[in-house]
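Me: Hi! Could you walk me through this structure while I have it open?

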Amino acid sequence: MIQPLYLLADSQLLFWKRQSRLILEVAISGVAGHPLTAAYIGASNGDRPEFYEIFEAAMDAIGITERRMIDSSFEPDDRAFLAGAQLIVLAGGDVRLGWNTFERTGMKDVILSRYANGAVLVGISAGAAQLGRCGIVEAAESIELFDVFGLVRMIVDTHDERAEWARLSRAIQSLKGATSGLGIPSGGGVIVHPDSTIEPLRRPAHEFRFDGARCVSALLPAERIR
């Protein structure tokens with residue numbers, strides 16, 4: 001069974017409760033198997049241990065003791081653990097750095113296989129962007145877009161509200177209607193359900209579309225919407 005995707009702007013929502021339940025507790029409630037195993041992929045931040053510690057605290061909160069940091073070198077033990085993980089967290093950092101590691105090591109194919117076989121994917125910041133249609137690299141005069149997982153049919157950007165989502169707006173404008181964009185503000189997140197329904201969490205999200213002349217935005221309230 002394909003599970004919903006969880007896209008978080010930052011790690012705050014790892015510890016956020018809705019109706020007295022942690023959002024990760026809700027995420028794993030439909031996953032078969034016991035004990036559950038959780039993999040943390042820190043390739044986007046260079047495997048920094050302090051961020052893995054946040055992941056460990058989140059796993060303690062939901063009672064998952066079988067967990068592992070998947071190193072960017074992707075040795076056989078890491079590959080075997082990831083191939084059986086029921087919860088996979090893609091960490092924040094540099095979208096391009098992480099994606100290059102996923103492709104070079106073969107992590108990408110293992111992650112996609114696990115998702116197709118019922119694992120829950122959680123993307124945090126750069127990890128959320130990697131679950132979308134394209135990653136964005138900014139240059140002085142232009143932007144570069146590169147393919148990522150494409151499990152969400154929109155280009156995803158996070159915590160750029162202070163810049164009024166200029167980077168995402170430029171990306172959508174450049175594609176002239178080929179796709180739309182999703183901006184997730186700091187402290188917020190979205191659940192993307194298998195039918196592509198978007199459910200903002202905690203804070204409204206922002207949808208960006210090209211209207212034929214320019215990029216326009218709409219606010220998605222923090223409740224289930226289509």
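Reply: Happy to. When I say contact, I mean heavy atoms within 4.5 Å. This is a predicted model, where local features need pLDDT of at least 70, side-chain atom pairs count only at pLDDT 80 or more, and totals for chains, interfaces and linings use all residues. Residues are numbered from 1 along each chain as its sequence is written, and side-chain values use heavy atoms, with hydrogens and water left out.

Me: Great. What does Gln130 touch, leaving out residues up to four places away in sequence?
Reply: Its contacts include Ser44, Leu90, Asp94, Val95, Gly98, Trp99, Phe102 and Phe149. Gln130 and Gly98 are 32 residues apart along the chain, and their C-alpha atoms are separated by 8.5 Å.

Me: Is Gln130 buried or exposed?
Reply: Buried, with a relative accessible area of 0%. Buried means under 20% relative accessible area, exposed over 50%, and partly exposed in between (1.4 Å probe, protein chains only).

Me: And which backbone oxygen lies 3.1 Å from a polar atom of the Gln130 side chain?
Reply: That one belongs to Val95.

Me: Switching to rings: how many aromatic pairs are there?
Reply: Seven. Rings of Phe, Tyr and Trp (its six-membered ring) pair if their centres lie within 6.5 Å; planes under 30 degrees apart count as stacked, over 60 as edge-to-face and the rest as tilted. Take Tyr40 and Phe55: the centres are 5.2 Å apart and the planes are at 45°, so this pair is tilted. Tyr40 is in strand β4 (residues 37-41) and Phe55 in helix α2 (residues 49-62). Helices (H or I, at least four residues) and strands (E, at least two) are DSSP runs, numbered from the N terminus.

Me: What about Phe102 and Phe149, how are their rings arranged?
Reply: They are tilted too, because the planes are at 35°, with centres 5.9 Å apart. Phe102 lies in helix α4 (residues 95-105) and Phe149 in the loop between β9 (143-147) and β10 (154-158), so the pair ties together parts that are 47 residues apart in sequence. Phe102 is buried at 1% relative accessible area, and Phe149 counts as buried at 10%.

Me: Last one: how many residues of β10 are buried?
Reply: Five of the five, so β10 is largely enclosed by the rest of the structure. Met154, Val156 and Thr158 cover one side, with Ile155 and Asp157 on the other.

Terms used: A polar contact is a pair of N or O atoms within 3.5 Å; within protein, one must be able to donate a hydrogen and the other to accept it, and residues adjacent in sequence count only if both atoms are side-chain atoms.
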